[in-house]
Amino acid sequence: MISPQEQQRRRWSIEEAERLITSLKGVVSARVVARPGGEVEEIHVLTTHEVKPKQTVRNVESALMAQLGLEVDHRTISVAQSATPPTELPVPEPHLKVVEAPSPARKRLLFCGHQTITERAHTVRHRVEIEWAGRRYSGEAKSADVARAKLEAAAAATVAAVERALIGEATDDAHIDSSGRSPVVPDVALALDGVKVVEAFDRRFVLVSIHALEGRNVSALAGVSVVEDSPDRAAILATLQATDRWVRGRV
């Protein structure tokens, strides 16, 4: 039997949690918001009148714990009911979601998923997906199939995803130049400086150092995350921690 502590360490993704919640009785759609460290911050559920809101909250708590080993506070779950009968509800299009645009104060970099793909002998490709302001961005990096190189590639893929989020946000809100044609994208970039695993207080931590370049200015950013599931995942979370506040201050 898997203990609650072991269940909490099991990997899960936002997509898995949303699919699981949507499969529950009476649920029409679900939206899960998590912090970079993996802690669930908000769960929004739209249901029919088939199941009462309190029962839906209990169902969501039970399903997440039983299927994903994910323990959530019931206060993070909000339930809205639709007055439209189930037979009249529109069928949602695949991969299409309507979400409320977050306020600027609530914008933050969120970790969505990580894939490690073996391409050929001794070579792997890391793909990291993040969310910023309600949109998903991904970054990739290749490495040799050895521990240190994989760790650096996981962080590099995260940096690439964050840069795409920067470009996407800047393009959406860009100023138009004097010709009225092309948007002016801010001159900013991120460069991975290094990744290191350290031991302290009987635990392992991943430290990430990043250089943030803005015009001629260079800022030193750093993040740290405890190793729970894997060093690769800790490197991703440490990278998001290092870049989150800097990104929020510029877009």
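These legends describe close-up views of a predicted model. Residues are numbered from 1 along each chain as its sequence is written, and side-chain values use heavy atoms, without hydrogens and water. Local features need pLDDT of at least 70, and side-chain atom pairs count only at pLDDT 80 or more, while totals for chains, interfaces and linings use all residues.

**View 1. An open sheet of 3 strands.** The order is β1-β2-β3, with mixed pairing. β1 (27–34) and β3 (77–81) are edge strands with a single partner each, so one side of each lacks a neighbour in the sheet. The twist averages 15 degrees from one strand to the next. Strands (E, at least two residues) and helices (H or I, at least four) are DSSP runs, numbered from the N terminus. Two strands pair if DSSP finds at least two bridges between them.

**View 2. β1 beside β2.** β2 spans residues 40–47 and runs antiparallel to β1, joined by 7 bridges. Ala30 has Val45 in β2 as its bridge partner.

**View 3. Helices on the sheet.** Helix α2 (residues 14–22) lies across β1 and β2, at about 155 degrees to β1. Helix α3 (residues 53–68) packs on the sheet and touches β1, β2 and β3. The direction of α3 makes about 135 degrees with that of β3. Contact means heavy atoms within 4.5 Å. Axes are lines fitted to C-alpha atoms, for helices over the stretch in contact; angles run from 0 to 180 degrees between N-to-C directions.

**View 4. The β4 and β5 hairpin.** β4 (residues 110–120) and β5 (residues 123–132) run antiparallel, joined by 9 bridges. Gln115 has Arg127 in β5 as its bridge partner. The hairpin has 2 residues between its strands. In the turn, His122 has a positive phi of about 70 degrees.
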